Amino acid sequence: GKLMLVDEVRLVSVLMPCTLAVYLKKDGKVYVSHLIVENLAPLMGGLAGEVMGGPVARDQAKILEALEGK
């Protein structure tokens, strides 16, 4: 998307499309952890903040809802 077109903000592409980790612990349960991109976006500012706080946050919410079975 937009971030990949601008050299100065391309480095945040590591956080896209979302920041999720899925892992199995010794207790036999599967865990999902994620970065709350809405909180990070204002710190980024500019185009990176706009994209992370907008489309990336919405996509991440959809993924998490699907994992929760909503």
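**The aromatic pair and its surroundings**

Mentor: Let's begin with Tyr 23, which counts as partly exposed because its relative accessibility is 35%. Buried means under 20% relative accessible area, exposed means over 50%, and partly exposed is in between (1.4 Å probe, protein chains only). Before we go on: this is a predicted model, where local features need pLDDT of at least 70 and side-chain atom pairs count only at pLDDT 80 or more, while totals for chains, interfaces and linings use all residues. Residues are numbered from 1 along each chain as its sequence is written, and side-chain values use heavy atoms, with hydrogens and water left out.

Trainee: Okay. How many aromatic pairs does a search of the whole structure find?
Mentor: One. Tyr 23 and Tyr 31 form it, stacked, at 5.9 Å centre to centre with 15° between the planes. For the cut-offs, rings of Phe, Tyr and Trp (its six-membered ring) pair if their centres lie within 6.5 Å; planes under 30 degrees apart count as stacked, over 60 as edge-to-face and the rest as tilted.

Trainee: Why does Tyr 31 count as partly exposed?
Mentor: Because its relative accessibility is 25%.

Trainee: And which charged end sits over the ring of Tyr 31?
Mentor: That of Lys 25, 4.6 Å from the ring centre. The call requires NZ of Lys or CZ of Arg within 6 Å of the ring centre and within 35 degrees of the ring normal.

Trainee: Switching topic: which residues make the nonpolar surface patch?
Mentor: Val 22, Leu 24, Val 30, Val 32, Ile 63 and Leu 67, about 550 Å² together. Patch residues have over 30% relative accessible area and no salt bridge; like charges are joined within 9 Å, nonpolar side chains (Val, Leu, Ile, Met, Phe, Trp, Tyr) within 5 Å. A salt bridge here is a side-chain nitrogen of Lys or Arg within 4 Å of a carboxyl oxygen of Asp or Glu.

Trainee: Which elements supply at least two residues each?
Mentor: Strand 1 (20-24), strand 2 (30-34) and helix 2 (46-68). These are DSSP runs numbered from the N terminus: helices are H or I with at least four residues, strands E with at least two.

Trainee: Leu 24, then: buried or exposed?
Mentor: Exposed, because its relative accessibility is 60%. Leu 24 has its place in strand 1.

Trainee: What about the largest nonpolar core?
Mentor: It has 11 residues in all, including Leu 3, Val 9, Val 37, Met 52 and Val 56. Helix 1 (37-44) and helix 2 are the elements giving two or more residues to this core, and the largest share, five residues, comes from helix 2. A nonpolar core is a set of buried Ala, Val, Leu, Ile, Met, Phe, Trp, Tyr and Cys residues joined through side-chain atoms within 4.5 Å.

Trainee: Last one: where does Lys 2 lie?
Mentor: In the segment before strand 1.

Key: Accessible areas come from the Shrake-Rupley method with a 1.4 Å probe; for residues, only the protein chains shown count as cover.
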